[in-house]
Amino acid sequence: MAAPVNLIGSVVCKNERGRYLQEAVTSLLTYCDSVCAVDDASTDGSAEWLEEQDRVYLLRSVESTFFQHEGRFRQRALDHVLRYEPTHIATVDLDEFVSAGGELRARLESEPDVPVWSLEMQEVWRADEHLFSREDGGWRSHPVPFLWKAPRAGERWTMRDRKLACGRVPTQVMGQGARAKPTGVSLLHFGWANPAERQARYDRYTKHDGGRFHASAHLKSIMWPATRIRLQQRAWPKGETFDRLRERFMVTA
């Protein structure tokens with residue numbers, strides 16, 4: 001008989017209270033057993049909200065360091081989640097949503113020995129009564145290693161030691177990424193879906209990156225006019241979380 005699955009979602013947080021924090025954590029807990037969060041000195045009540053949630057284990061930072069060195073910050077997040085003895089870990093950003101969490105969980109439980117699973121990343125660029133993912137240049141939908149089997153007791157796993165763009169999974173998992181098994185499920189990234197946020201996000205990336213970690217052409221494409229951007233329409237996934245997100249975007253459209 002297979003050992004029970006203990007899937008823990010791993011997230012990092014920086015002032016997410018007014019964005020997707022509640023929906024993202026609620027969604028995670030529908031298919032994860034618990035969530036481990038590391039807060040980067042948020043000042044908007046994010047950490048306080050996380051502390052109040054059942055099955056959420058929070059590690060707080062008093063000094064903001066994520067953009068000083070993302071790799072070291074994500075190493076803290078990795079070490080934090082491993083303290084809770086997961087059998088599997090899903091590393092998710094707080095503006096990302098798995099399109100079918102129940103289906104993902106069922107696949108994991110049916111094949112718990114698969115070392116790495118991938119989801120199809122879709123960059124949501126517009127949201128109203130439908131979703132529209134961006135499908136030009138470096139924005140095209142692509143598989144990403146997302147859910148992985150935790151290391152054996154005593155093994156030391158590490159994140160890539162880069163100031164930015166270190167990746168979401170340990171280097172040991174990256175090495176298996178080409179063999180990641182597709183789940184058939186999408187990972188919907190809403191980070192660029194709100195047009196009002198794009199300029200500030202663009203400014204932040206160019207300030208901290210400047211083409212050293214992301215291609216300059218890709219950074220510039222963030223602010224392309226709509227006439228240059230190619231979108232693909234898809235239906236909203238089913239579920240309470242997506243119903244709430246859809247209502248929010250319909251109000252602000």
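Which residues of helix 3 are buried? Select helix 3, residues 70–82, to find out. They are Glu70, Gly71, Phe73, Arg74, Gln75, Ala77, Leu78, His80 and Val81. Buried means under 20% relative accessible area, exposed over 50%, and partly exposed in between (1.4 Å probe, protein chains only).

Some ground rules. This is a predicted model, in which local features need pLDDT of at least 70 and side-chain atom pairs count only at pLDDT 80 or more, while totals for chains, interfaces and linings use all residues. Residues are numbered from 1 along each chain as its sequence is written, and side-chain values use heavy atoms, with hydrogens and water left out.

**Helix 3**
Helices (H or I, at least four residues) and strands (E, at least two) are DSSP runs numbered from the N terminus. Contact means heavy atoms within 4.5 Å.

**Strand 6**
Go to Ser118, in strand 6 (residues 116–127). Ser118 is buried, at 8% relative accessible area. Leaving aside neighbours within four places in sequence, its contacts include Pro143, Phe146, Ala180 and Thr183.

**The cores**
Next, show Tyr31, Phe146 and Phe190. Of the 43 residues in the largest nonpolar core, these touch the most other members. Strand 6 gives the most to this core, with 5 residues. A nonpolar core is a set of buried Ala, Val, Leu, Ile, Met, Phe, Trp, Tyr and Cys residues joined through side-chain atoms within 4.5 Å. Then pick Ile89, Met159, Val169 and Ala180, which are among the 14 residues of a second, separate core.

**Aromatic pairs**
The structure holds 16 aromatic pairs. Rings of Phe, Tyr and Trp (its six-membered ring) pair if their centres lie within 6.5 Å; planes under 30 degrees apart count as stacked, over 60 as edge-to-face and the rest as tilted. Select Trp148 and Trp157: a stacked pair, 5.8 Å centre to centre, with 20 degrees between the planes. Trp148 is buried at 1% relative accessibility, and Trp157 is buried at 10%.

Move to Trp192 and Tyr205. Their ring centres are 6.1 Å apart and their planes are at 35 degrees, so this pair is tilted. Trp192 is buried at 6%, whereas Tyr205 is partly exposed at 24%.

**Charges over rings**
Finish with Arg126, which lies over the face of Phe132 at 3.9 Å from the ring centre. Such a charge has NZ of Lys or CZ of Arg within 6 Å of the ring centre and within 35 degrees of the ring normal.

Note on methods
The expected span of a helix is 1.5 Å times one less than its number of residues.
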